[in-house]
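Biologist: Hi! Could you walk me through this one? I'm new to reading structures.

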Amino acid sequence: MATKTLKALKNYSYSDKKIFKKAKDFLPINGTDYVELYVGNAKQAAHYYKTAFGFQELAYSGLETGMRESCSYVLTQGKIRLVLTTPLSPNSPIADHLKKHGDGVKVIALEVDDVRTAYYETMRRGAKSFFPPEIILDADGEIIRAGIHTYGETVHVFVERKNYKGIFLPGFVKWKTGYNPSSVGLKYIDHMVGNVELGAMNTWSKFYEEVMGFANIVTFDDKDISTEYTALMSKVMSNGNGRIKFPINEPAAGKKKSQVEEYLDFYNGPGCQHIAVATDDIVFTISEMRKRGIEFLYVPGSYYDTVKKRVGIIDEDLKKLKELGIMVDRDDEGYLLQIFTKPVEDRPTLFFEIIQRKGAKSFGKGNFQALFESIEAEQAKRGTL
Ligand code: FE2
């Protein structure tokens, strides 16, 4: 690494003094700008995310707007922007991605004040370029964007939008239909988890540390996350202000195939395993999502027998939580409520977590056991355990 850094420094245009001054927080991130999924049929996926997840229509780009290669629908809820993109021909990198991975997360876009600095600083630290800084313009102003690769074929796109007043990005028009189901109360992205191959967790946690300036805030080993059959290890990486959290999972040795291996098999490599979205009323959110057809992982009824002893007094009605399958965990700072959807496509790959934090900043370690047993029951049904 030292040689690599020295070599990169030589080619760097800033003075060394300036680099080290900036070294402490060289990549301030304002938040997740958008998450882009490549999907087989964006029109139908958009309908699903509107209906079942309560996303609201925002913007559109496709043949009608002069886009010949792909079609994108942008949906929003709270601070979340979800982009659903589908290719319009078989000869495109989007079609290749889709064939290999199925529906899944391609872009985790991060909003920054200065894209050029974000791109050149991460490149200097060893990032692999997806595309260099570009300015895209329309009558509403300008956006600067640049992208770098992360695990698998997933990428980070830096977005600078301080000089843009448009609906989403240049090239997009306002998307308006007569079908607008109400929101289910999703507010923002709490964390996004990446699954990587056995032995690659440290490579990618190092990437987030050295290339993006993140810190490792928690580590789970196979003693924390294992059942009789399967195991995984995880390192949670966080940026400086804590707004961006990326846990990185790798499979650990077990008697049978772990959920991470199942994911890697069906996604054909590393990728985003789940998107955790926050709500401030999980009972309302999950009641709505269940009504609208979302399937969640089953929590064994016996789980609730010990919850009170484990987490103490909570504001919510335990009976209601049990009825909805919402799990609870506590740490030194408070407690959290969480629940996991089943995969949202036919391949057992991407799923969602809905989380409500009441002081707790952790990730529900106390629920891992019940959760894993539930995932294994699903794997057994799929014949992938
Ligand atoms: Fe999570």
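Biologist: Which residue lies over the face of Phe26?
Modeller: Arg125 does, at 3.5 Å from the ring centre. A charge sits over a ring if NZ of Lys or CZ of Arg is within 6 Å of the ring centre and within 35 degrees of the ring normal. This is a predicted model, where local features need pLDDT of at least 70, side-chain atom pairs count only at pLDDT 80 or more, and totals for chains, interfaces and linings use all residues. Residues are numbered from 1 along each chain as its sequence is written, and side-chain values use heavy atoms, with hydrogens and water left out.

Biologist: And which ring has the charged end of Arg357 over it?
Modeller: That is Phe363, with the charged end 5.4 Å from the ring's centre.

Biologist: OK, what about confidence? What is the mean pLDDT?
Modeller: The mean is 91, and 93% of the residues reach 70 or more. pLDDT is the predictor's confidence in each residue, from 0 to 100.

Biologist: Where does pLDDT stay under 50?
Modeller: Over residues 1–23, for which the model has 19 contacts beyond four places in sequence. Contact means heavy atoms within 4.5 Å. Where pLDDT is low, the predicted coordinates should not be read in detail.

Biologist: Back to rings. How many aromatic pairs are there in the whole structure?
Modeller: A search finds 23. Phe53 and Phe55 make a tilted pair, 6.5 Å centre to centre with 35° between the planes. By contrast, Phe207 and Tyr208 pair edge-to-face, at 5.0 Å and 85°. Rings of Phe, Tyr and Trp (its six-membered ring) pair if their centres lie within 6.5 Å; planes under 30 degrees apart count as stacked, over 60 as edge-to-face and the rest as tilted.

Biologist: Is Tyr208 buried or exposed?
Modeller: Buried, because its relative accessible area is 0%. Buried means under 20% relative accessible area, exposed over 50%, partly exposed in between (1.4 Å probe, protein chains only). Phe207 is buried too, at 10%.

Biologist: New topic: which residues of helix α8 are buried?
Modeller: In α8 (residues 282–291) they are Ile282, Val283, Thr285, Ile286, Glu288 and Met289. Helices (H or I, at least four residues) and strands (E, at least two) are DSSP runs, numbered from the N terminus.

Biologist: What do they pack against?
Modeller: Their partners include β10 (186–195), β14 (271–279) and α10 (318–324). Just after α8, Gly293 takes a positive phi of about 100°.
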